[in-house]
Amino acid sequence: MSTVRRWIQAAWVAALLAIVLPAHAAEDAHVLVLGRISDDPNEHYDQLKPLLDYVVPRMRDVGITEGRILMARDAQQMASYLRRNRVDWVTETASTAVQLQQRAAARPILLTERNGVSHYHSVFFVRKDSPIRSLRDLPGHTVALQSIASTSAYMVPMTELLEAGLSPEILLAPSDMPAPDRVGYVFARSELNIASWVHKRLLDAGTLSNLDWNDPSRLPDAFRGDFRVIHETHPYPRALELVRSSLDPKVEQRLREVLLQAADDPEARQAMRLFFNTSRFLPLDPASERALDVLRAGVQRVRSEVE
């Protein structure tokens, strides 16, 4: 089934739910609504539902007896759902999480560790024979990014460029060239494309997360040997669990407790694996809070100066 057809079906479902369901989650206080921004609602539903089914029975003591899932097409729509109390709990990557904080006052409650990793960082790389040695050498050159939805291969790299005093300029194709005093960037759409375009000299530099840099399926070993890292960013949370600002404090506290305990419960193991390969949920520590503050400022700057 095509992505367009899935979204048409999802739109019909959302329209039906808007008619038959209450306008606000708070009006149906026994229901916990889990939200996700998705370009593939069917696949993400199968990833979300098992954990929701695990969580709901463990929240009966705070009045939760039913769970529902609500998908959004982008951060703007999800922010609207949060502001209107249509969604209670959202799982998202770091840059989208801070956008939901800014647009809807969503509140991060936990870090999400995936495949044993709770933090990661972005890497800028070039070919070994490139004259580019640092970010300062990028003006007049081109960089491959992934898409505006990517934390590690868009939002964080763009923040780094702006913090370095550079001026990013979007290009329509890899063959385009930026002004001499600007850093041109092109969306490659996938990690493998980023690596391939730099390796083929279509673009001068690329950005990936350190996890993708070390993943042969995203960056083939045959390519990595021809590359050189010129810059690495500070680490930031890999993913976060957020709740709407008006969620009942008792429900928020119980949700937090259930998720924190899930890693030690054998009954949660399969549900957590399906939930984007989550290994455990962790409290927000001071270093992560500081990283989110930096990312929050960066997201605001990127939105005001670039997007």
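Me: Is S288 buried or exposed?
Reply: Buried means under 20% relative accessible area, exposed over 50%, and partly exposed in between, with a 1.4 Å probe and protein chains only. S288 has a relative accessible area of 0% and is therefore buried. The model is predicted: local features need pLDDT of at least 70, side-chain atom pairs count only at pLDDT 80 or more, and totals for chains, interfaces and linings use all residues. Residues are numbered from 1 along each chain as its sequence is written, and side-chain values use heavy atoms, with hydrogens and water left out.

Me: Where does S288 lie, and which residues is S288 in contact with?
Reply: Helices (H or I, at least four residues) and strands (E, at least two) are DSSP runs, numbered from the N terminus; S288 belongs to helix α11. Contact means heavy atoms within 4.5 Å. Setting aside neighbours within four places in sequence, S288 contacts L111, H119 and P237. A polar contact is a pair of N or O atoms within 3.5 Å; within protein, one must be able to donate a hydrogen and the other to accept it, and residues adjacent in sequence count only if both atoms are side-chain atoms. The side chains of S288 and D285 form such a contact at 2.7 Å.

Me: How do the axes of α5 and α11 cross?
Reply: Axes are lines fitted to C-alpha atoms, for helices over the stretch in contact, and angles run from 0 to 180 degrees between N-to-C directions. Angles under 35 degrees count as roughly parallel, over 145 as roughly antiparallel, 65 to 115 as roughly perpendicular and the rest as oblique. The axes of α5 (residues 151–163) and α11 (residues 286–305) come within 9 Å and cross at roughly 80 degrees, so the two helices are roughly perpendicular to each other. Residues making this contact include Y154 and L162 of α5 and L295 and V302 of α11.

Me: In what order do the strands of the open sheet stand?
Reply: Two strands pair if DSSP finds at least two bridges between them. Here 6 strands form an open sheet of mixed pairing, ordered β8-β9-β7-β10-β6-β11. The edges are β8 (168–170) and β11 (227–232), each pairing on one side only. Helix α5 lies across β6, β7, β8, β9, β10 and β11, at about 80 degrees to β6.

Me: What does T233 touch?
Reply: T233, in the loop between β11 and β12, is buried at 9% relative accessibility. Not counting residues up to four places away in sequence, T233 touches H121, S122, V156 and E160. A polar atom of the T233 side chain lies 3.0 Å from the backbone nitrogen of S122.
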